[in-house]
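Please take a look at the model below. A short report follows.

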Amino acid sequence: MKTRYLLLCFLALSTAVFATHLKPPYDKSKPPTLPLPTAYQLAVGALGSATNQFHCVGASLTTDFYAPAWSFTFCNTNPPPTTKVRYFVVVFDGKVMEDGGFR
C-alpha cells in the first residue's frame with residue numbers, strides 16, 4: 001500500500017516539476033514589439049554570405065526561448081539529397097541566435 005502512495009506522490013511531483021518548465025504560447029492578441037520585416041532582415045544578416053545558398057521557408061512566433069521571439073527556417077536552394085536547413089531565432093530585443101536544429 002505504501003508503494004502505491006509513494007509512486008503516486010512521485011508521479012505528482014515529477015508532473016509539477018515538468019509543468020513549471022512549459023512556456024505559455026505567444027498571446028496573439030498583442031502585436032509583436034519587433035515587426036516581421038525587421039526581424040527577417042536581422043535573420044538574413046546573421047545568415048551572412050550564405051544568403052545566396054539559402055531561402056526562407058518559414059517564420060513564426062515562439063516562446064520556446066527565454067522571451068517571445070520570431071523563429072525563421074531557411075532551406076538551401078540545392079535539390080535533395082543535399083538539403084540543409086538552418087534555424088534562426090530573433091528575440092524581440094533584436095538579439096539573433098542560430099538554433100542548432102533541435103526541433
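In which sense do β3 and strand β4 (residues 96–99) pair, and over how many bridges? They pair in the antiparallel sense, over 4 bridges. Strands pair here if DSSP finds at least two bridges between them.

This is a predicted model, in which local features need pLDDT of at least 70, side-chain atom pairs count only at pLDDT 80 or more, and totals for chains, interfaces and linings use all residues. Residues are numbered from 1 along each chain as its sequence is written, and side-chain values use heavy atoms, with hydrogens and water left out.

**The chain**

The chain has 2 helices and 4 strands. Along the sequence, the pattern is α-α-β-β-β-β. Helices (H or I, at least four residues) and strands (E, at least two) are DSSP runs, numbered from the N terminus. Of the 103 residues, 23% count as buried. Buried means under 20% relative accessible area, exposed over 50% (1.4 Å probe, protein chains only). The chain exposes about 7,500 Å², and carbon and sulfur atoms supply 64% of that area. Accessible areas come from the Shrake-Rupley method with a 1.4 Å probe; for residues, only the protein chains shown count as cover.

**The strands**

Strand β3 (residues 85–91) has 5 of its 7 residues buried, so it is largely enclosed by the rest of the structure.

|---|---|---|---|

The hairpin of β3 and β4 has 4 residues between the strands. There, Gly94 takes a positive phi near 100°.

Asp64 lies in the loop between β1 (54–62) and β2 (69–76). Asp64 is exposed, with a relative accessible area of 61%. Its C-alpha atom is 9.9 Å from that of Val89, 25 residues apart along the chain.

**Helix α2**

Helix α2 (residues 36–47) has 12 residues. At 1.5 Å a residue it should span 16 Å, and its end C-alpha atoms are 16 Å apart, which agrees. The expected span is 1.5 Å times one less than the number of residues.

Which residues of α2 are buried? They are Ala39, Ala43 and Leu47. Seen down the axis of α2, the buried residues fall within an arc of 85°, so they line one face of the helix. The arc is that of the directions from the helix axis to the C-beta atoms. These buried residues pack against β1, β2 and β3. On the other side of α2, Pro37, Gln41 and Gly45 are exposed. Gly48 follows α2, with a positive phi near 70°.

Definitions and conventions: Contact = heavy atoms within 4.5 Å.
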